[in-house]
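Subject: Structure for you to look at

Hello,

Here is the structure I promised to pass on. Please open it next to this email and follow along.

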Protein chains: 6
Amino acid sequence: MSQTYNHFNVTFPAPYVAHVEINRPEKLNAFYQDMWLEYAQVFNTLSHSPDVRCIILSGAGPTFTVGLDMKKGSLTFPGSDGARKAWEIKRRLTEFQDCISASEKCEKPVICVLHGFCLGLAIDMACTTDIRISSADAKLSVKEVDIGLAADIGTLSRLPKIVGSLSWVKDVTLSARIFSAEEALRVGFVSAVESDKDAAVKKALEMASLIAAKSPVAVQSTKAIVNWSVDRTVADGLAYTKAWNSAALQTGDIGEAVGATLGKRKARFEKL
Amino acid sequence: MSQTYNHFNVTFPAPYVAHVEINRPEKLNAFYQDMWLEYAQVFNTLSHSPDVRCIILSGAGPTFTVGLDMKKGSLTFPGSDGARKAWEIKRRLTEFQDCISASEKCEKPVICVLHGFCLGLAIDMACTTDIRISSADAKLSVKEVDIGLAADIGTLSRLPKIVGSLSWVKDVTLSARIFSAEEALRVGFVSAVESDKDAAVKKALEMASLIAAKSPVAVQSTKAIVNWSVDRTVADGLAYTKAWNSAALQTGDIGEAVGATLGKRKARFEKL
Amino acid sequence: MSQTYNHFNVTFPAPYVAHVEINRPEKLNAFYQDMWLEYAQVFNTLSHSPDVRCIILSGAGPTFTVGLDMKKGSLTFPGSDGARKAWEIKRRLTEFQDCISASEKCEKPVICVLHGFCLGLAIDMACTTDIRISSADAKLSVKEVDIGLAADIGTLSRLPKIVGSLSWVKDVTLSARIFSAEEALRVGFVSAVESDKDAAVKKALEMASLIAAKSPVAVQSTKAIVNWSVDRTVADGLAYTKAWNSAALQTGDIGEAVGATLGKRKARFEKL
Amino acid sequence: MSQTYNHFNVTFPAPYVAHVEINRPEKLNAFYQDMWLEYAQVFNTLSHSPDVRCIILSGAGPTFTVGLDMKKGSLTFPGSDGARKAWEIKRRLTEFQDCISASEKCEKPVICVLHGFCLGLAIDMACTTDIRISSADAKLSVKEVDIGLAADIGTLSRLPKIVGSLSWVKDVTLSARIFSAEEALRVGFVSAVESDKDAAVKKALEMASLIAAKSPVAVQSTKAIVNWSVDRTVADGLAYTKAWNSAALQTGDIGEAVGATLGKRKARFEKL
Amino acid sequence: MSQTYNHFNVTFPAPYVAHVEINRPEKLNAFYQDMWLEYAQVFNTLSHSPDVRCIILSGAGPTFTVGLDMKKGSLTFPGSDGARKAWEIKRRLTEFQDCISASEKCEKPVICVLHGFCLGLAIDMACTTDIRISSADAKLSVKEVDIGLAADIGTLSRLPKIVGSLSWVKDVTLSARIFSAEEALRVGFVSAVESDKDAAVKKALEMASLIAAKSPVAVQSTKAIVNWSVDRTVADGLAYTKAWNSAALQTGDIGEAVGATLGKRKARFEKL
Amino acid sequence: MSQTYNHFNVTFPAPYVAHVEINRPEKLNAFYQDMWLEYAQVFNTLSHSPDVRCIILSGAGPTFTVGLDMKKGSLTFPGSDGARKAWEIKRRLTEFQDCISASEKCEKPVICVLHGFCLGLAIDMACTTDIRISSADAKLSVKEVDIGLAADIGTLSRLPKIVGSLSWVKDVTLSARIFSAEEALRVGFVSAVESDKDAAVKKALEMASLIAAKSPVAVQSTKAIVNWSVDRTVADGLAYTKAWNSAALQTGDIGEAVGATLGKRKARFEKL
């Protein structure tokens, strides 16, 4: 079973697990506009599919993605004056940001496997996912300042909330230097490093299978509430949790989960 | 000197230091409604006691707590329709969240000693305290998804602000897997690990004694301002600090502290 | 080339790089009011200088700073009653906070080199900079509670957003204990440790030179957007990024940066 | 049917309608500590009573309340220095603010009838209610500056969000001048004015009866969502509405309400 | 010139002015899912059209809209338990809210003409527009509580920020009572009332023509900045204004506007 | 007694009352850079003067101000590309916004008397003051869109929080139409209208004298807390009020105010 996209392979390697592969390996998975439009389509579809409970994201070939395909895009903008050029830029950035945010808005958890070169847009994308793991060989960079611009598809807004050292965030965003998987683990950008890409994908599949075996109500509520809370006060986090869980606790999954634990059997949860 | 509670031992092992022990070891310190109501009572009392300047929280017996006592509670709710059930749930969650938040609202710093099993509610409680230390044997888990629900007593709202890796937060909240004291230290959930429970309690007592020997105005102001600032912009943090300290700096403790340092003697601060 | 200040040396050790040294080594660089007023003046000037693209901050002599000079200031305040004293305190804190915030508001990235004793105000200052590196010998402390007060020049508001362990933040702010460079690295307060002060300054100079060689539009936009985003929701971060970059992308630096990369030559960017 | 309190009459003049009267007319309903503690008790009880769907608040006798009873309280505070006095003040204000906020936190809508003198605390209280109506004779004042203090039980925080002229808010809070019912209507502080107290209470009873006849799920959800939204962005308001209504829409009240409308009969809703 | 939609007439009655009419008069312009999907399409298209600078929204026939078509929708939801029903509800509300928000996100100002019955969804829609004017005969109601639910398409989140009396907001949202155009004007919900629908549309056309004759950069920037600022602190409003205007001020429109004023001629602005 | 400025008359018409007059009547009080720099200087000085407790702002001559002096400024900006021009704009707007905000940051209440033409910057300035009154002849306009730009010195950020009809805010900011004093009163932009300028200044002087006769601790605390609360949640407003008042209540002014009231004498408050 698989779904057909121009630039993505979507497969289903385990029950309730989808695997999204960026599929333009001959160009090191470099992105252009068609691709991010399709990226949104992929994640919006999986978000509502009752057959999917956890998603893995990686790149076809050795490289995750080298970021923007500079040859297929352009960083000059039409407009008869600076204000009109700015308007065009804002519209394009809106579309681009919205597309990449699809993996964040996706109701299901997304596990990102970083491997090979992970440059520029690669980091923007990784920041929208829930769990990041890396192969030991990964070469990561917030590359944007090296082409004369500030990262604008989300890295600068999300990275400070994802890792635990603002000094490190400024270091890598201002210098555009390559950092390793090991460094990414040390600062908390990724939460696991595996020996190579295959091992990292295998690990991601194990994690995804574990998560997919649990109550989808519980799992998807957890993603929703954590994402809400990151951005808000503890008081607003607690209030939203109450509102959300006043419905979510009315689920048969609790009885099924408790029953399965007591009966030492595998729980089976209804589709969501 | 001690205070009598049904489910908590409260002792005073050093000057100005209180030690709160969850005391239902025969049930691995599992919680039910009476206990969290009493938990709030304990911390509200200590919060205003002039004889207390720092508090230690741990569990009687080898286990901190295994979380909710599933046999004493119920996860089904009365109500003739889904909205009415939801209302009942919201009221219960309000009471439950408010009780556990008592250790966060407590004016005095709370040092949490994690040991043995620390499951579910254990993490919610630990997240409300100020300093977390662990014994090497601790087995920790954000267990809630395993019983079909999203953690709703505060872990999902507080954990992302407490540790420095959102990838790790999602990993442990979505998978409900056990993590070790060492892992907790690496991601910053705890700030120290000791060889066993006794050593961890001893360490906590040393820290508590050190803190209790300082100006209570300075210590309690620090807790209040940090807790405010975590949730707000730097500008709002600075403004609140000014408002707060415009009163707090009018204290004799400054003279006493400076005098004691110059005189190489122990400072003595008035009660607060 | 250098600029003359009473308490700061400002030199220009590399193209577009300024080095600000706190220069009162005979008093271990202890601060008093004149000094923080001048501190603001130094950073405000550099902020708008087209010849500066990155700034290093360190102390003359072995010690960064021991904080406030208790002999030149006073922690008693005029006023006929508690409210009037409070008013005076608020005015002084406003001036003091505003001056120290100058290194945060400064448009150019600031790299702070911590060395020797870094006590009290030293941490407030370091928290306003972008990248923190340390010499191995540094002895750091959020010292304020030891003189009877809560840190009020920014540490309590900024530190929780800078490092990844709130347990550690509470530990060091409540205990005022000395912590080492190594510990500072582990929790993410600094992002690099060098063997001694000279090595740390050398490292800072390398980093500053690297950053100063890049597009100033890209670098300064990155600082501005990260600082905005730390304090706000992801959605507000993305919106501000769009507004900011709708102008910033209209720069010749992009063409120059891309052209230089393709031509394997050093990019030259116009002044900003 | 009525409930007995020392300082409040609570009666039930219509189905599902409670009427709370401040009952110390011999002292013009002036408040002291016992009274605000009881005030919280009254509203907390009504909040969860299934027999109450709307609440009216007024004063016994011609005057609503003249505010604090200066003879029963004191505005001097114990404490050996300014910081310790401040601590005592903060604890008292916390208790006082929390008590008066009970009418805001109350799940059921509260209609406040303002009449006669409505001074100081009267305005703090009125600001916590949902709908304010006034008798034509009411004399209102944010009186606090006249006794040397800024209103601290909520008027300064709530009034700017309740009325539509910040110029007027500053006028009445800075001058402490008396304003009339007519002026209160013009700026939107009250939404109706009746000829005298009896007419105002009668009007309130009609409004309360109308509201009490509707679905309590719909009514109480509306209060909860408006109160949340006033303080937050539209986006956060919409998100909370979705979380809340995902449970609230699962109610039989919708069918009952629609059925009653179509059948031209009075709807009957289950208790909540 | 006009565009063809199933349920909307879109005409262009004056240069740069579009008129959107809800076009299901035989059902009093009642909405169902197809219609709000198309509503979003209409406004998204106009938002980016360079030929449109201001938009009028009204209803075909005497009635603006009576809100939801209860016969074409359903307020029961699929799902095997309360949590799964809630999930379905959240997805539907997300789509519904997003569609109606299209008139708020629309870059061009929208003038809403309220006339005849304006019930339920009518108010949600009106709240997303920029300027509201009414015919004298309009009968308005936040009708939702009368069918057993809290308004969830935006009225409860937006109305408190649109008008200047929270007491009135609670009155009309809790009672669902009809209010008149005159009352709407008094509380600021609408900013003008005309004698009948024709006069109101004529007035809207005059206003739209006036706005459409001005610099589109200035007009659309104003809408964007006001909408941002309503929800945020003054400081964040000022910061965003600076970021936005740093591009917007680079427009030829300023010279054209000033030149036209001095030359007493009509200004001509380039498309945007 | 008066202070000498180039473009402002500062007089002291009553005890503790300062009157600031914009003094360039030959140019209808049009502003250029020197003037707003001086404006900040005037208000910063008055803010800390113990002899001032309330301030009146008006214009010399019949006109308040017609806004920017287009001949003394320029709306073209240096810079070799759009990004560099934008940088220059941001720096200028920062300085300009900061200067005009001085009347908002001023510790003392400011009463703005609007009269004659009040265009563009006039509204920005009025929005920073506390109480606005108008002469009947005033002609007001948010004029900026008529010169091709969005108001950027604060009107768009502050006006929606100052008045109670967002429809009206959009109307006047998008159309740049003149509105009258009467209309300004109706929407709450001003809180009083007097027959002519002299009567309005007289009224302002009465109000200022009334406010200046009260406790400066109470008055200035009220301004500070209202300004904080407008921008924040009720909960944050209440918390800040507690922190602020924990110092402010330690004032002799309370005893003096109460004593004077009981003794039916005029209160005398110490300087602040």
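In this predicted model, chain A can be laid on chain C by a turn of 120 degrees and a shift of 0.0 Å along the axis. The RMSD is 0.0 Å. That is the relation of a three-fold axis. Which residue of chain A comes closest to the rotation axis? A:Gly164 does, with its C-alpha at 2.1 Å. Only 5% of the interface residues of chain A are also interface residues in chain C, so the copies meet through different surfaces.

Next, look at chain D and chain F. Their contact takes 42 residues from chain D and 46 residues from chain F. Together they bury about 3,500 Å², 64% of it on carbon and sulfur atoms. D:Ser167, D:Lys170 and D:Leu174 supply 18% of the area that chain D buries here, more than any other three residues.

There are 2 salt bridges between chain D and chain F. One of them joins D:Lys170 to F:Asp130, with the closest N and O atoms 2.6 Å apart. Helices H2, H5 and H6 of chain D each supply at least two residues of the side that touches chain F. The largest share, 9 residues, comes from H6(D).

Last, find the sheet in chain D. This open sheet has 3 strands in the order E6-E8-E9, with mixed pairing. The edge strands are E6 (117–119) and E9 (179–180). E6(D) and E8(D) pair in the parallel sense over 3 bridges. There, D:Leu119 stands opposite D:Ser141. Helix H4 (121–128) of chain D packs on the sheet and touches E6 and E8. Its direction makes about 85 degrees with that of E6(D).

Best wishes

Methods
Residues are numbered from 1 along each chain as its sequence is written. Chains are lettered from A and ligands numbered from 1 in the order in which they are written. This is a predicted model: local features need pLDDT of at least 70, side-chain atom pairs count only at pLDDT 80 or more; totals for chains, interfaces and linings use all residues. Side-chain values use heavy atoms; hydrogens and water are left out. Two strands pair if DSSP finds at least two bridges between them. Helices (H or I, at least four residues) and strands (E, at least two) are DSSP runs, numbered from the N terminus. Contact means heavy atoms within 4.5 Å. Axes are lines fitted to C-alpha atoms, for helices over the stretch in contact, and angles run from 0 to 180 degrees between N-to-C directions. Copies are superposed by least squares on the C-alpha atoms of residues with pLDDT of at least 70 in both. Buried area is the accessible area (1.4 Å probe) that two parts lose on being put together, summed over both. A salt bridge is a side-chain nitrogen of Lys or Arg within 4 Å of a carboxyl oxygen of Asp or Glu.
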